[in-house]
Amino acid sequence: MAKAFTSFSQNVRYLTRSLEPRLLAADLGGQPRSKVTTCLFSTGRVDRTNTGYPRPRLSPQEVSAILRQNEGMVQLNSGGTGWTEQGYTSSGSYSIDSVDSNQLASNSPIEDKLASAKCLHTTGYLFGVFDGHGGPECSQVVAKRLFDYVAAALLPRKELRRVVSEWEAGNRIPVIQVYNDPSQFVTELQEIYQDSFLRYCISLLSAFDEDFSMEEVLIQAFVQLDNDMGREVVENQQSAVLEPLLRVALSGSVACVAHIDGPHLHIANTGDCGAVLGMQSQTAGSGWRALRLTRDHNWENPDEIERVLSEHPDSESEHVIADQRLLGVLMPFRAFGDFRFKWDLVTQAEIIQRYLGPEHLIRHCITPPYLTVTPEVTYHRLRPRDRFLLMGSDGLWECMSPLDTVTLVGEYMSGRQTLQPVRFPRQAITLREVASILEQRQKGLNLKPVDTNASTHLIRHALGGSDAGLDHARLSHSLTLPPEVRRFFRDDISIHVIFFDPNFLRVCPVEI
């Protein structure tokens, strides 16, 4: 059966009904963009007022239509409940006011995935950015499965026992409500994934710990899902769905996940996606501050280099990190999937060599695992001046700095406020105060955004921003690059902007 994996029929079943079949890419870390091409979209201090781009092929209306194609919105604290044209709305005061999301593809199909959900049996919300490499399969699957694992680990013992009983009886009651993603796994995969999830819930019940730790919950969910993805391949070698299971296990995905419960914000990050908190400065008129909540897990992080090298013999130090990559191949040092860097040598021979051939084994892979999925977890207690959380794949951070993104969203918020009806803070207000409010609104007119979605606003400026402002020719050029060269100029970009309710945070007791 050697190389049987590469000779499967072209008419393979999809991982999800919306996912194209695709063979694994040779470059697991993604195509690196050279410094020359990357600088076309950098925010460094260079003169870009005369970019020399050709006459735009797209009109402003056509540009906007492309940028808005994948917009999503979740509106909370709206006083109503149910689906609207803008997204899901729910009543009741909460720390989250609304969420703007968007994606722009570079790869075809896109290898990024966004996810957002509400925990149905606890009070938290989950948001995630998943950036795949070597194909879209791993990011697609992790984005649809990980939140279930997190939500199950948050359940009280009594509720967890009820969920397990219902699942064992064949009643698959959900533990999360997913927003803006109607796709489903095909039946054969769904059964395998549900069996793994039930096993996980049973293991949680048998080893239930009353000493709750949100950090441990997130780490456990990441690690268990990753272990399950590897085990599912080993246990289903005679199954008709072996090929898609292999695609998931041998491609990879980094992930950044936020769990928000009232004023409590936890970020779990593995890889090089990122999360930044937008904070309004205390001094009036002094602008915005950006607080980074994640660190990249790659060769630019000295702690990561030290960690990886310490886990292997000194005799391997020349090859463990080579050409800024893990074993000279993989750019992120933490990720889901990528089991060529994780399986022991016996399993690699049984799976990789048998189904793909020996040429697909990683050179110098002597003492695996070299790659871990274990995330770094950060906690932040939200305050009234914390106005939004920005989560993005590395396609965004290659174009803009954290402070640039926060400043743009802050200006977007000011511009959006200008479009709202005038609301005076109280009935007894002086003419001087009225004049001040109107003056601020007049200034806001200069910031009036083109878009009604903050993530779209960021993507527009990431691709079309210049020292002189938005450059339509530059933006049009980026959006009309041929598919075969586009990946050398920009990566997939995926963004969540989660706006907080300052009124809730202002009155929220510190001890909660």
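Arg162 counts as partly exposed because its relative accessibility is 36%, where buried means under 20% relative accessible area, exposed means over 50%, and partly exposed lies in between (1.4 Å probe, protein chains only). The side chain of Arg162 forms a salt bridge with that of Glu159 (2.6 Å, N to O); the term denotes a side-chain nitrogen of Lys or Arg within 4 Å of a carboxyl oxygen of Asp or Glu. Arg162 and Glu159 are about one helical turn from each other, because they are three residues apart in helix α4 (residues 157-168). Helices (H or I, at least four residues) and strands (E, at least two) are DSSP runs, numbered from the N terminus.

The structure is a predicted model, in which local features need pLDDT of at least 70 and side-chain atom pairs count only at pLDDT 80 or more, whereas totals for chains, interfaces and linings use all residues. Residues are numbered from 1 along each chain as its sequence is written, and side-chain values use heavy atoms, with hydrogens and water left out.

## Other salt bridges

In one of them, Asp181 and Lys113 meet through their side chains (3.4 Å, N to O). This pair links distant parts of the chain: Asp181 belongs to the loop between β7 (176-178) and α5 (187-206), and Lys113 to strand β5, 68 residues apart. Asp181 and Lys113 are both buried.

Within helix α7 (residues 242-250), Arg247 and Glu243 are four residues apart, about one turn of the helix. Their side chains form a salt bridge (2.5 Å, N to O), and both residues are buried. A network of salt bridges links Asp195, Arg199, Asp228, Arg231 and Glu235. In general, side chains of opposite charge can pair when their charged atoms come close.

Strand β6 (residues 125-133) is mostly covered, with nine of its nine residues buried.

Two strands pair if DSSP finds at least two bridges between them. Strand β5 (residues 112-119) pairs with β6 in the antiparallel sense over seven bridges, and a hairpin of five residues joins β5 to β6. Ala117 stands opposite Leu126 in β6. Strand β8 (residues 252-261) also runs antiparallel to β6, joined to β6 by nine bridges. Within β8, Ala258 is the bridge partner of Phe127.

## Nonpolar cores

A nonpolar core is a set of buried Ala, Val, Leu, Ile, Met, Phe, Trp, Tyr and Cys residues joined through side-chain atoms within 4.5 Å. The largest such core has 64 residues, of which Phe130, Leu146, Val150, Met229 and Phe336 touch the most other members. Helix α3 (residues 137-153) gives the most to this core, contributing eleven residues. A second, separate core comprises 42 residues, among them Val320, Leu326, Leu382 and Ile498. In soluble globular proteins, nonpolar side chains tend to be buried together.

## Arg307 in helix α8

Arg307 lies in helix α8 (residues 302-310). Arg307 is classed as buried because its relative accessible area is 17%. Apart from neighbours within four places in sequence, Arg307 is in contact (heavy atoms within 4.5 Å) with Phe333, Arg334 and Thr372.
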